[in-house]
Amino acid sequence: MGNKNDIPANDENLVEMHRKARKKKRNKLIITLVIVIAVVLIAVIAAIIVLRNKVADSVSSSEDEVQSAEVTTGSISTTVSGSGTLSDEDVESIDVPSSLEIVDFYVEEGDAVSEGDLIATVTNASLLTAMSDAQETLDTLDEELEDAAGDEVSSTISASVSGRVKYIAVSSGDDVATVMYDSGALMLLSLDGYMAVDVETDSLTVNDSVTVTDSDGTEYSGTVESASDGTATVLITDNGPEYGDTVTVSTSGGAEVGSGELYIHSQMAITGYAGTVSAINVSENASVSSGTTLITLTDTETSANYDTILKEREDAEDELNTLIRIYKEGGICATASGTISSLSETASGSSGTSSASDTSASQTTATTDTSSTTDSSASTGSSADSSSGSASSSGSTTVAEISLDENMIIEISVDESDILSVSEGQEAAVTIDSIGEDSYSGTVTAISTSATSSSGVTTYSAEVTIEKTEEMLSGMSASVTINIEGVDDALLIPVDALHQTSSTAYVYTEYDESTGEFSGMVEVTTGLSNSSYVEITDGLSEGDTVYYTESSEESSDFSMDMGGRSMDSMDSQGGMSGGDMGGGNASGDRGGMPGEN
């Protein structure tokens with residue numbers, strides 16, 4: 001029998017065939033896998049190439065194109081912009097004694113009135129009582145005036161102690177109160193015989209002997225009174241040296257150690273409060289004793305108390321005349337023609353429809369007073385400083401306020417970087433949103449030096465005045481553009497063409513297209529600038545060409561602080577007001593550039 005492990009030859013061939021078939025199939029699979037991987041790699045590489053080309057195209061398209069500009073002549077100006085609301089400038093308030101009881105009002109806010117028109121009526125009882133009280137006050141003040149008339153100021157001013165006159169502030173004919181206000185004293189006396197000077201030095205010690213030389217070269221022997229913390233006080237005689245003179249101090253060896261201003265070591269101020277100087281009885285450097293007459297006065301008949309009472313009486317007279325006027329006119333009448341801008345709280349609660357005959361007042365009609373309201377005895381008006389309905393310190397109440405309809409004001413906020421460029425008298429253009437696009441001519445009439453800070457931003461306020469028209473109402477929104485400065489026939493280049501460092505400003509006058517490099521750098525001096533153009537005052541001539549790019553980075557690097565103006569103003573709401581880049585700025589008009597008309 002044969003070996004069972006023996007495989008027939010035909011079976012061996014079959015096995016080999018199977019083996020080769022598996023190998024061929026495996027090779028085919030590997031080839032397919034390689035092809036797939038290759039296709040994927042090719043696709044990825046193609047995608048990368050396409051993406052890179054797109055990025056390159058994007059970068060290429062975002063690169064700023066090189067620009068060239070010719071230096072031209074034109075006009076340039078800078079402005080500060082802001083916004084605010086209209087308010088009446090000329091307002092006259094009608095004040096009456098607070099003891100009056102108002103019955104009814106005949107006007108409402110916004111009504112037009114003429115001088116003499118009836119504003120309100122009051123009760124007859126309160127009016128008569130107020131007139132009686134006013135007359136009683138006058139009688140009392142007359143008695144006080146009579147008592148104060150004998151309180152005369154002394155006609156002389158004398159020394160109360162002995163000393164030496166070192167300074168005289170008054171002259172013959174001077175008003176004593178005025179000199180006291182300006183100088184704080186009429187004279188200065190030295191009481192202990194010494195003048196003093198402080199010098200900054202560490203080389204002197206107490207009791208050192210020194211030499212003090214005045215501005216005329218006169219030398220005085222001095223002694224160091226004190227020396228500490230680098231300052232020495234030196235004393236010299238008060239007989240001769242001039243008060244306030246600048247002197248130098250030297251050591252006994254002749255070395256100068258410092259200088260300073262002479263002052264009185266022990267000082268007494270001679271004062272007064274009333275009268276006129278008729279004579280000065282002493283001279284500077286004179287020695288005086290206690291009781292010596294220093295100054296002789298005239299016009300000492302009235303005292304300060306007398307003047308105070310007299311002023312109170314004048315106020316009482318005005319109040320009585322106001323009450324009499326109300327009595328004669330049948331009520332409180334307008335003191336000027338205009339528009340009622342505000343009424344007191346009492347007025348706001350009144351219907352304003354009642355007639356005078358419906359009230360308890362004794363007068364049923366109002367007569368128009370044609371006399372001039374400039375007569376203080378007939379005027380019930382005063383300045384519009386008090387708020388409506390509030391009682392003033394004189395016992396009066398503001399019943400109504402009348403706008404004279406002459407001017408209106410707009411208050412705008414100005415950034416701290418711009419405020420020093422704004423000044424009174426500058427012209428301004430005003431547009432009022434609710435009226436239309438018409439521009440009204442205005443003038444800067446006031447600038448506040450009081451700052452307001454919010455979120456790290458400091459602003460100041462400026463007031464612009466315009467002439468009032470019928471369409472203008474208080475509270476309307478307005479935009480203001482203040483013309484700061486302008487130059488005609490200026491050499492101008494685009495703002496983007498200027499480069500600036502901390503120490504210089506420059507432009508490029510050449511560009512190589514083949515290399516993409518700028519050259520021909522020229523230093524320039526600049527003047528005014530705005531958001532578009534900058535004035536060149538030195539370094540370039542008309543017709544020169546400058547090269548630049550308009551990249552945002554280039555623009556942001558340019559600070560526009562080149563001896564010109566960079567004025568980003570804040571509007572009255574704290575936001576940036578209109579102009580370039582959405583900000584309120586000292587943007588300006590470029591003016592007429594050649595070739596652009």
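Arg325 is buried in this predicted model, with a relative accessible area of 8%. Its side chain meets that of Glu329 in a salt bridge, at 3.1 Å from N to O. Glu329 also counts as buried, at 5% relative accessibility. The two residues, Arg325 and Glu329, stand four residues apart in helix H4, so about one helical turn separates them.

Helix H4, which spans residues 304-329, holds another such pair: Glu317 and Arg313 are likewise four residues apart, about one helical turn. These two form a salt bridge whose closest N and O atoms are 2.2 Å apart. Glu317 is partly exposed, with 32% relative accessibility.

In total, the structure holds seven salt bridges. One of them joins the side chains of Lys468 and Asp88, at 2.9 Å from N to O. Asp88 belongs to strand S2 (residues 72-88), while Lys468 sits in the loop between strand S29 (457-467) and strand S30 (477-494), so this pair ties together parts that are 380 residues apart in sequence. Both partners are buried: Lys468 has a relative accessible area of 17%, and Asp88 has one of 16%. Through salt bridges that share partners, Asp88, Lys468 and Asp405 are joined into one network.

Key. Residues numbered from 1 in each chain as written. Predicted model: local features only at pLDDT ≥ 70, side-chain atom pairs only at ≥ 80, totals over all residues. Heavy atoms only, no water. Salt bridge = Lys/Arg side-chain N within 4 Å of Asp/Glu carboxyl O. Buried < 20%, exposed > 50% of the residue type's maximum accessible area, 1.4 Å probe, protein only.
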